[in-house]
Amino acid sequence: MRKLYGVLAAGALAFGLVACGSDAGDAASDANYVTVLGTEPQQGLIPAMTNENGGGRVVDMLYSGLIYYDAEGKVHNEMAESIEQEGDKTYKVTLKPDLKFSDGSPVTSATFVDTWNYAVANEQLNESFFSSIKGYEPGVKEMEGLKVIDDRTFTIELTQPESDFPTRLGYNAYFPLPKAGLDDPEGFGENPVSNGPYKFVSWKHNQSLIIEPNPEYGGERTPQNEGIQYTFYNDTDAAYMDLLANNLDVLEAIPSSAFGNYEADLAERSETKPAATYLEMSINEETPHFKGEEGVLRRQAISMSINRAEIAESIFKGTRTPARDFTSPVLDGYDDDLPGSSNLDYNPEKAKQLWKKADEKYGKFEGQLPVRRSWYR
C-alpha cells in the first residue's frame with residue numbers, strides 16, 4: 001500500500017510480496033502457511049482487551065463483527081443480516097442464521113449483548129467504544145440500551161442520535177465471545193475459540209502464532225490459503241532481509257532504510273497503492289500555551305513552519321503524501337479543501353509572524369514542544 005495519510009506527513013505503505021506460501025510453518029503441520037510479519041500480542045487474544053497492532057492483526061482474522069470493512073474501506077454486513085434504524089437513537093440488529101464459533105457453539109444476539117456488557121463491567125481496554133450506548137458507565141454491569149429480542153435479534157439504544165454509529169461496529173471492540181471467553185478470559189485468550197475467517201492453531205510466545213481457515217465461518221471474507229503464520233520480529237530491517245531471502249512472504253510496511261531501494265530490490269514482488277492509514281503529530285488541547293486563542297496562534301505557526309512536501313519526498317522518498325484532511329483519500333468523505341486547511345501550507349514567514357504575535361500578547365514560550373505521535377489504520 002502506498003500513500004499513508006497524516007497530519008505532519010502522510011504516506012504510503014509498500015507491501016513486500018514474494019511466494020504464495022512458505023514451508024516455514026509449524027513442524028507438526030503439513031500446511032503451506034503464508035508467513036507474515038507480526039509482533040508479540042501484548043494481551044491475550046480477547047477483542048475488547050486488544051488495542052495494539054500485534055494483537056489487533058490476529059484478532060481481526062480470528063473474529064468477526066456485525067460488519068466489516070473491505071480493502072477500499074467500504075462497509076459490508078458480516079455477522080449482521082441487517083442493521084435498521086428505529087427512531088433517531090435506536091438500531092435493530094438481525095443476525096444471519098446459523099452462525100457458529102469454531103467449536104460449533106452458536107453465535108446469538110445474547111452472545112453480542114453479553115460480550116459488550118462484560119467489556120464495560122470489567123472495564124476492558126476498549127470499553128470506551130460503548131460509551132454511546134444508553135446506560136453506559138465504566139464498570140456498570142448491564143447497559144440499559146442493549147435488549148435481546150430473540151436469538152437473532154437485539155436492539156441498541158444510544159444516549160443521543162449518532163448517524164455514524166453503525167459504521168463503527170466493525171471495530172474489534174464489538175467482536176463477540178463465547179461463554180468460555182467470559183468465564184475464563186485469561187485462559188481463553190491463550191487458546192481462543194473464534195467466529196471469524198480463521199481459527200487459532202498455536203502460539204509460541206515471542207516467536208510466532210499460527211491460524212488456519214475456520215470451517216464454521218459464516219461471513220464473506222473466505223480465506224484463500226491454508227493458513228497464516230505470524231512471525232514475530234523486533235526489527236523490520238531483519239524482516240526485510242528475510243523477505244529478500246524468501247523466508248517471509250508478506251511484509252506490510254517497508255522499513256525506512258529501504259525506502260530508496262525497495263522497488264529495485266523487490267521488482268514485481270512489491271505493490272504500492274493508497275492505504276486507509278493516517279499519521280499525525282499533535283499537541284494536547286489542554287497543554288499550557290497551546291489552548292485558547294494563544295493556542296490557535298501557536299498551532300498555526302507550527303503547522304505553517306513544516307514543509308510536509310519536502311519531508312515526504314526527501315525523508316520518505318515519495319512513500320508519503322502531505323495531509324489535507326484527518327482521514328485517508330481512499331475513504332468516503334475525504335476532502336482536501338477543508339475550512340482551515342490553508343494552515344497546512346508551508347509558509348515560514350507567516351509562521352514567524354504568528355509566533356511573534358503570540359509571544360508579544362501572551363509571553364514567550366520556552367521549552368520543548370509537547371508533541372505526541374499517533375498512527376491510525
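## Strands β9 and β10

Strand β9 (146-150) runs antiparallel to β10 (residues 153-157), and four bridges join the two. Asp150 sits across from Thr153 in β10. Strands here are DSSP E runs of at least two residues, helices are H or I runs of at least four, and both are numbered from the N terminus; two strands pair if DSSP finds at least two bridges between them.

This is a predicted model, where local features need pLDDT of at least 70 and side-chain atom pairs count only at pLDDT 80 or more, while totals for chains, interfaces and linings use all residues. Residues are numbered from 1 along each chain as its sequence is written, and side-chain values use heavy atoms, leaving out hydrogens and water.

## The sheet around them

Zooming out, the four strands make an open sheet in the order β7-β8-β10-β9, with antiparallel pairing. β7 and β9 are at the edges with a single partner strand each, so one side of each has no neighbour in the sheet.

At the other end, β7 (residues 80-86) and β8 (residues 90-95) pair antiparallel over six bridges, with Ala80 bridging to Leu95. These two form a hairpin with three residues between them, and Gly87 in the turn has a positive phi of about 75°.

## Asn117 in helix α2

Now for the helix: Asn117 belongs to α2 (residues 109-121). Asn117 is buried, at 8% relative accessible area (buried means under 20%, exposed over 50%, partly exposed in between, with a 1.4 Å probe and protein chains only).

Setting aside neighbours within four places in sequence, Asn117 contacts Val140, Lys141, Glu142, Met143 and Leu146, contact meaning heavy atoms within 4.5 Å.
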